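User: Hi! I'm new to this one, could you walk me through it?
Analyst: Happy to, here it is.
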Amino acid sequence: MDQTLQHLVNGTVLGGTYALLGIGLTLVFGIMRVVNFTHGELYTFGAYMAYALVALLQLDFILSLVLATVLGIGLGAAIELLLLRPMRRADIDSVMLVMIGAALVLQNAEMWAWGGVAKLIPNPFPGEPLVLGPVSVLPLRLFVLAVAAALLLGFWLLLDRTRFGVAMRATFQDPETAALMGVRIGWVNTATFALGSGLAAAAGALLGPVFIVSPTMGDLVGLKAFAIVILGGLGSLPGATIGGFALGYVEEFAGGFVSTEYRDAFGFLLIILVLALRPQGLVPAKERIG
Amino acid sequence: MTSRRTLLLAGLAAPALARPGFAADPIKIGMTQPLTGAVAASGNYVANGAKIATEVLNRAGGVLGRPIELILEDNKSNPREAVASVEKLVLRDKVPVLIGAWSSTFTLAIMPKLVEYKVPMVVETSSASRITTSGNPWVFRIAPTSEMEAVAFAELLGKFDPPVRKIDFLSVNNDFGRGAAEKFTEALRAKGAAIGRTETMTPEATDLAAQITALKQSDGDTVFVTTGVEQLTLALRQAVEQRLGKRIVSTGGSFPDQLLANPLPAGNSSFHILFYAPWFPERAPHPQLAETYTAEWNKKGWEFAGLTEGFRGFDAMLTVVEAIRIAGEPEAEAIREALWQVKIPGVNGDISFVKEGPAGRESGQNRPNVSVVRLSEGKASLL
Amino acid sequence: MSGGESANRPGQFMGYALPWGFVALLALVPVVFPDPYLLAVLTSAGIFIIGAISLNLLLGYTGQLSLGHVAFFGLGAYASALATLGFDIAIGFGLRLQVAPQPVWVGFLAAILVAGGFGWLLGRLAFRVRGAFFVILTVCFAQVLRMVALNWVELTQGPMALIGIPGFALWWPGEGVVELTRKDQNYWLVLAVTVLAFLLVRQLVQSRFGRAMVALRANESLARSVGIRVTHYLTVAAVISAGIAGAAGSLFAHYTRIIDPDVFLFIYTVTMVIMVVTGGKGTLWGPVVGGFIFGLMPDLLRGTAPPEVQWVIYGAAMILFVMFLPRGIVPALQALLRRRAA
């Protein structure tokens, strides 16, 4: 029982980070139909920026988080303008390959700039873990969970309640009609990609102090993020949230009770099952962003 | 041996201007390390150690009156590229001897090529036992196998208080982690310790909560963690986070250097099996040599913690150059013969090879030294 | 050059004389330039070109992008290695499956069959989904196989790797059946298999089957409406494509003599995909041309820049090729030739 409760807490905390990773990718895929292989690298970028700001410039962690997100938005906008905008008429495979190439460039540029040795961001909330009976969790983890929830809510409001959100949804449903109605599709795309990248960078900056900062930290994260997006049914924000938590719990409980050897395989098996049995994902299409 | 050491120190003392003029072509030594990809950090440390050794030896006059040239190739943390890098070194650069290749997987991938091209290789890091037991006469390993490490550690068991009664493992899912779990189980069971759970993690995993929660269920008192530096740091931090409450011992020479500047909360300490403890060069088997190595490294401004791995490249280079000196010529077969006669001091301790593997096709294996360092609140001390 | 669309004289020349002349030139390389490093690099690139040719069948002719193609390559490598090394595993209910070491040609066939079988499985499973779903499904498929190779230690030795895999054995003029150890022998073997794979794919795409696949790529619902059994064709394409990739994996296993779970690395798939796309997907020569460029690039870049920067150049080259020659080099050359002829 003790173990089950701790696994439940671990799974929730992990699911929160996964949801956070999933929303940025979902946004980009849902609206632009771009399978974004640079997502994991933006995550790495955010973490390194947070390291530079917190550990080298001695800035406040919250401020660094905001700055890293802004820098991530900037990098994302640059990628969109330089690589994606010229490729708007290209097929999905070509775009995917350009993104894989960009991911290779970003990862190795990161390694060139910072060296291969991992960096550590000091814990912004030092002190003892919170203990409740058999369960123990770091305050930092709860902070991550809270920020993830806030970002999810914020993005839902952005899409649902603002003019920009209407433009995004219109672009998603029918780009041509949206263009006729005066939506500037190009800028909607740039903004979407920049925001998605900003979310990835925010996730990296947020999780930097929880884990460790290294040039290859984005590899597994990129794959996991895809899993989450697929699980949720491509392009659905609530779906990505559910997908994130589903993956978190599956990995945690399967790892804890079945086998840690196959812990990371369960996620991929889950995707194969979902795609084979329910290709539309856990949340059906009509509830997607549109 | 003494003359060799004096030579090294002379090289260190000689001012740059007095560098002996080399008339002849350099003698090439090939090295393959993971300089990019997943395990690049360690690969670069080892490569740096070899670079220092090359400089020090060249200042002392090189070997056979010729300068030494280190040709370094990246194996990109992947076995196919490890093979490609060796083909480049042997076939294009025509190096007569190799150093490599960090991970056991890369080393094993290269080994058939050593037979094919008849070039000896000094293995500086890989720990899988079958590297030296599979009958490849071109392999000479200065790094300890997991078994040697486990046996050496078992001798120090009495120094732990409270004593080690029951052990668990948290191992990375590769030959390094699995090998260590197997050999430490054997060695410590022989000393009367009970064995609890073994949990594994993929090398890329960052969240180890499930594994640590599972380990909490065991009533063992000591967890052996075997993985690379990054994951070791993660494991230590997440163990504190979940209040694992067990003694943690890391194996294989990995040291969580980030915890020097950002220590774990007070009251948490960990133990690390190392092959060189750079805080105490004076307590190394050959203090002068260790101090030379440490001083040269620090002069470059490289990360202090890299010293715990960099010595592998340094010692490997000393070994190879000594073999070339004994061979009297930079020829592969002569160097292979000469490697059996190498007897030199290294940073880790004396280096010489004993035979292992099937008769007639033996590989060389060195008997390295092991020290256990205790890390507490950012301070290291020898056990 | 793709699909023999013209029967005029220059077309004939392009279709027969030029390719066979090219093959003859390649066959002469070990005689004219007996540099072992050159042969090693070309052999290694050749194995991936075979993989790229097989991927082209899926990507180029059916339009489905598989980012898990390395799964078949890896399956072939493991199947071939295990068949030649022999194994003895428990299969449940107290039963054991024992296989004694087999000759290499059995391993080669096993590689094709096992990879082809999994191709069928993936085909049944994956062609129910399209586009991005298919891509991600194939990525996951390769990942799961990697996890199995990593953890089914009894069969695969897991991360400890399968070592001591014998070299390819073949009848060799004047020597009888020998294990191929020399660089030139392995080079010729890989070249021969590449030519066979090329001819097989060419035969296929020029048949009724190939025309159906192209119709399918152009307009799936139309193809469906005129009675083309879409899933059937896709599955057959997946089986053949996987089988050829398995053969490439077998060559890889017997050439490097060691296999470990890293044979399923994602970057290997990326290498094959970029070879196909750079050369021109859906053209017979595309994977070959792209294969030479991206197969040789890492070795040409050696020593030119720090290792990280070499990767940056590799990634940038990928981006530039896809952005500026989106249909690939071969179609661009064809268009250029046509324009000059007109």
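User: How many helices and strands does chain A have?
Analyst: Chain A has eleven helices and two strands. Helices (H or I, at least four residues) and strands (E, at least two) are DSSP runs, numbered from the N terminus. This is a predicted model, where local features need pLDDT of at least 70 and side-chain atom pairs pLDDT 80 or more, while totals for chains, interfaces and linings use all residues. Residues are numbered from 1 along each chain as its sequence is written, with chains lettered from A and ligands numbered from 1 in written order.
User: In what order do the elements of chain A run?
Analyst: From the N terminus, they go α-α-α-α-β-β-α-α-α-α-α-α-α.
User: And how much of chain A is buried?
Analyst: Of its 290 residues, 61% are buried, meaning that 20 or more other C-beta atoms, placed from the backbone, lie within 10 Å of the residue's own.
User: What box do the C-alpha atoms of chain A fill?
Analyst: Roughly 60 × 45 × 35 Å, along the principal axes.
User: Switching topic, how many residues does each side bring to the contact between chains A and C?
Analyst: Chain C brings 33 residues and chain A brings 36; two residues are in contact if their C-beta atoms, placed from the backbone, lie within 7 Å.
User: Which helix of chain C gives the most to that side?
Analyst: H5(C) does, with twelve residues.

Notes
Buried ≥ 20, exposed ≤ 12 C-beta atoms within 10 Å, placed from the backbone.
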